[in-house]
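This briefing covers selected strand pairings, a loop residue and the aromatic pairs of one structure. Please consult the sequence and the model alongside the points below.

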Amino acid sequence: CIVIFFIIASVFSQCNCLNQKLSVEKGIITFITGTVTVNGRKPKVGQEIKDYDKIETGKDSAAIIQFGSAAFIALKAHSKILIQTFAFTDGGMPKIKILQTLGSTFNKITRNKAKYTIKTPTATAGVRGTSFEVVVKKSKTDIKLLHGKVATNSLKFTSKEYLLTTGNKITISAKERKNSDKLTKKETAEL
């Protein structure tokens, strides 16, 4: 089921599945399965996502949000995110900020100069053109990096930024930031 979800996520992110041109200026829901809500209401494929929209997935559910040509986020079951910002800098660079409070998301930045940040209750991940997973559980955040680089920072220990590189993972809790480790073959295959 997870493998099929990510195959679908990859296909949706690379094609025009809505028979319309996706605007770089808009976040669009491109895939829904199961119980998904946006601000407490049932969304439709093609619905625009805006700043401060709260997206939640239920049991056996998933959703994909495409941010034009800049990035996409795939929410797995039991996930909660808030779109804090989807805007553009004066230079035209997309700026995307997401607050993830629960669950698991797969994030792919498809435009190298996009500024993409995910904040969780225990960590911040600043992305530099990459594919990665963020898993938020009670008081910890796991970040698994498939490709690229992610600058991670503990919300408690903000003095030290750690640059995560391809094929590595890190766990950041409210109490500590563990050293990074290599992804296992199983973890890499699941991403």
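Strands are DSSP runs of at least two residues, and they are numbered from the N terminus. The model is predicted. Within it, His78 lies in the loop between strand E6 (71-75) and E7.

**Strand E4 and its partners**
- In a regular strand the side chains alternate between the two faces of the sheet.
- E4 pairs with strand E2 (residues 36-38) in the antiparallel sense over three bridges, and Val36 stands opposite Thr57.
- E4 is also joined to strand E7 (residues 80-88) by three bridges, again antiparallel; the bridge partner of Lys54 in E7 is Leu82.

**His78**
- His78 is partly exposed, at 46% relative accessibility.
- Beyond residues up to four places away in sequence, His78 touches Thr57, Gly58, Lys59, Leu102 and Gly103.
- The C-alpha atoms of His78 and Ala62 are separated by 8.6 Å, although the two are 16 residues apart along the chain.

**Aromatic pairs**
- The whole structure contains four aromatic pairs.
- One of them is tilted, because the ring centres of Phe86 and Phe88 are 5.9 Å apart and their planes meet at 50°.
- Phe86 is buried, at 11% relative accessible area, whereas Phe88 is partly exposed, at 33%.
- The pair of Tyr116 and Phe132 is edge-to-face, because the planes stand at 85°, with centres 6.4 Å apart.
- Tyr116 lies in strand E9 (residues 115-119) and Phe132 in strand E10 (residues 123-137), so this pair ties together parts that are 16 residues apart in sequence.
- Both Tyr116 and Phe132 are buried.
- Phe67, Phe86 and Phe88 form one aromatic cluster.

Methods. Residues numbered from 1 in each chain as written. Predicted model: local features only at pLDDT ≥ 70, side-chain atom pairs only at ≥ 80, totals over all residues. Heavy atoms only, no water. Pairing = 2+ DSSP bridges. Helix = DSSP H or I, 4+ residues; strand = E, 2+ residues; numbered from the N terminus. Buried < 20%, exposed > 50% of the residue type's maximum accessible area, 1.4 Å probe, protein only. Contact = heavy atoms within 4.5 Å. Phe/Tyr/Trp six-rings, centres within 6.5 Å; stacked < 30°, edge-to-face > 60°.
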